[in-house]
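I wanted to go through this model piece by piece and jot down what I looked up. These are my notes, in the order that made sense to me.

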Amino acid sequence: MSTERRTDNAAARPTQYKPRQVYLFGTCLVDVFYPEAGMSVVHLLEREGIQVIYPQDQTCCGQPAYNSGLPEAARAVASAQLALFSDPWPVIVPSASCAGMFRHHYPRLFKGHAQEHAATELASRVYEFAEFLVDVLDIRLQDTGAPTSLALHHSCSAQREMEVTHPTEQLLKQLEQVTVLKHEYAHECCGFGGTFAVKSDEISAAMAADKCVHLQATGAEAFITGDCGCLLNLNGTLDKQSAPKVTHPSERFRGTHLATFLWQRTRK
Amino acid sequence: MSQDSRDRFKVRIHEALGDTELRQNFRGAMDFLTGKRAAMFPDADALEKLRTQGASIRKRALAKLPDLLEQLENRCTSQGIRVHWAETADEANRIILGIAQQRKARLMVKGKSMVSEEIDLNHFMALQGIRCLESDMGEYIVQLAEETPSHIIMPAIHKNTAQIARLFHERIPATDYTEDVDALIGIGRKVLRENFASADIGLSGVNFAIAETGTLCLVENEGNGRMCTTVPPVHIALTGIEKVIEKLDDLPPLLTLLTRSATGQAITTYVNMISAPRQPGEKDGPEEVHLILLDNGRSGMFADAELKETLACIRCGACMNHCPVYTRIGGHAYGSTYPGPIGQVLMPRLNGLDKDGNLADACSLNGACGEACPVKIPLPDLIRRVRTDRLAPRTTSTRTQSWLEKQLWRAWLYLYQHPPAYRKLTWLGARTQALIPKRLGLWTKTRSVPLPAAETLHEQMRQHQLRRRESRSE
């Protein structure tokens, strides 16, 4: 993860500019575990009059291998993605983690390789989903749901790599009946970290348990996050904690992807 | 890295996580330190400006490191400081022993020095019949308990007041049990005071060595550093070669960053600037001052453009204070001189990837360390680099990946490079939910099995795009 502050400030891009077409990079976790988050992105974008192209040959951005110290394997998988998004349209990614991989790490990963230019070019038009809705589309949302309260978990990539906490909060703020409650240690990692969750399973579990406590302590009905890695980790932990039988409503406290929630709240 | 050291690391992690008292001590202390630091940097833009300046000063110094070291040596020598070069830990220990033997020394009082921990000086000197006494209160506590520092700035941070009270009561003769912090500090100070006067040698670390003026800068809060460097007839300053900075003007911004990042202080109680031994006509100060410049693997880092950034470190400890892993397992779990993120990138370079490369596993790459670092060391990138170097066949002799891991990565690589195979397998996964085992290794110890959705996004999007095409053609 890059420690540099973001210099390519998306807010500086003219907000009137609305592309007619965009690519969707669904991410491997959304594809298998949370496809409704991906479909919600599509519905939200189409409602704004944007055509969404989903290359069927996409798989994974390569981050698991990259972060595990296998840059060659990461490059092989990343190369396969590069060719699929060659038209000059924005690439929308419903994950700050994967978007960060494209934007910040592809240029590093391909440095000195034949595809360096293609990787850098792709990096320049990758957007995290909330960032795109707010900074590029300047979207206006109409809340159609009942009053509810939420805790909001920003992934580490959302906070420190893509710096998209503001647009994310901006989107939720537009929903009139939704109250976002702050939790303690909001800046802290949920303990997912990809292969870290398995390689350092006990530390990861301790971090996840703490995050669940802090999120639930807000008294919110559910929590929202923009990254499915966190969701898999935290919902998995909550499931295990409340198994086998659910007796109290607070035990139904679970997380939802931001896109899924936004679509649910605003569909007519 | 051997399977053995990986297992030992896992065991230490397991024990630390299960120790409620230890976890409370660390959580409380880290919250306190990060809170104090945050209060010192209320303006994010001002902090960013200062960090940029700090990073630039360190980068410039590292760019000219060999020249600056030579300049430092010349300046110090001309001012009467004797400069020694040590390539290894053993060499440094022998140089110190040589000085001690020449003075027929029996007792050495020590100010806080992590480099002395790095070379295991106390143990080495004890075997030679010379007693080393730690005079920093935290280090004194750790030494009394026969432990090692669990934090580079706060060595005894893993202990709470009651634990220290018990320790003093048990180990210092004629000491009543008290949990009064001031009384405890008073007890420790009394023991230390008696020893400053009788010590033959004072040893200290160095925070910054200024090449331009031949000045050794040392910050501390207890005055023990000043005692160590002025009361005994000999002062030995021990430092890694990376601590050199170019000029005196570089010091204020770095001190501003160091003390605020480390303990949330605008300035430490003592700032010692040492440029020479006692001069004729002066009433105090040591007769001899020695500076030992230790390499111990640092040249290797210097030779690599990316690893060189590790050497920018000013040892403030902010990376560990902000690390969610360190906060939970504490410093001892790492089993290394330097714990936390900086330790995870430094130790494998000092001790070799085989021995300490596994430290880099204990990181979720959350980036909190890099964000806190006052000199902008890209710690997450360097941790990833350790993982990469460990798996590179050229750099390591032992098996670092298990057979299972290797096969899983092989499968991952094939699947994610072959979209038709990937789609088939994910399609199958979505339809065979019931067949997915209820336990998936380590993941399911504390989490439920992640169940694939009934239809993948790939499938849903194919149907979605078909429907759109149909509705357009109607």
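**Cysteines first**

I started with Cys28(A), which counts as buried at 17% relative accessibility (buried is under 20% relative accessible area, exposed over 50%, partly exposed in between, with a 1.4 Å probe and protein chains only). Next I looked up Cys228(B), which is in no disulfide, its nearest cysteine sulfur being that of Cys132(B), 11 Å away. A disulfide here is a pair of cysteine sulfur atoms within 2.5 Å. Cys228(B) is buried too, at 0% relative accessibility. I then asked how many disulfides the rule gives over all chains, and the count is 0. Cys28(A) is in none, with the sulfur of Cys60(A) as its nearest at 3.9 Å.

**What I am reading**

This is a predicted model, where local features need pLDDT of at least 70 and side-chain atom pairs count only at pLDDT 80 or more, while totals for chains, interfaces and linings use all residues. Residues are numbered from 1 along each chain as its sequence is written, chains are lettered from A and ligands numbered from 1 in the order written, and side-chain values use heavy atoms, with hydrogens and water left out. I noted ipTM 0.94 and pTM 0.94 for the model. Chain B has a mean pLDDT of 95, with 98% of its residues at 70 or more; pLDDT is the predictor's confidence in each residue, from 0 to 100.

**Positive phi**

Most residues other than glycine have a negative phi. I found Glu146(B) with phi near 55°. Glu146(B) sits in the loop between helix H8 (137-144) and helix H9 (161-171) of chain B; helices (H or I, at least four residues) and strands (E, at least two) are DSSP runs, numbered from the N terminus. Glu146(B) is exposed, at 67%. Asn296(B) also has a positive phi, near 45°, and its loop runs between strand S10 (288-294) and helix H13 (298-302) of chain B. Is Asn296(B) buried or exposed? Asn296(B) is buried, at 14% relative accessible area.

**Helix H12 of chain B**

I checked the span of H12 (residues 251-263) of chain B: its 13 residues should span 18 Å at 1.5 Å a residue, and the end C-alpha atoms are 18 Å apart, which agrees. The expected span is 1.5 Å times one less than the number of residues. In H12(B), 11 of the 13 residues are buried, so the rest of the structure largely encloses it. Among the buried ones I listed Leu251(B), Pro253(B), Arg260(B) and Thr263(B). Gly264(B) follows H12(B), with a positive phi near 70°.

**Rings**

I got 16 aromatic pairs over all chains. Rings of Phe, Tyr and Trp (its six-membered ring) pair if their centres lie within 6.5 Å; planes under 30 degrees apart are stacked, over 60 edge-to-face and the rest tilted. Tyr23(A) and Trp89(A) are tilted, because their planes are at 45°, with centres 5.1 Å apart. The two are 66 residues apart, and the pair links distant parts of the chain. Tyr23(A) is buried at 3%, whereas Trp89(A) is partly exposed at 21%. Trp412(B) and Tyr416(B) are stacked, with centres 5.2 Å apart and planes at 25°. Both lie in helix H20 (residues 403-417) of chain B, 4 residues apart, about one turn.
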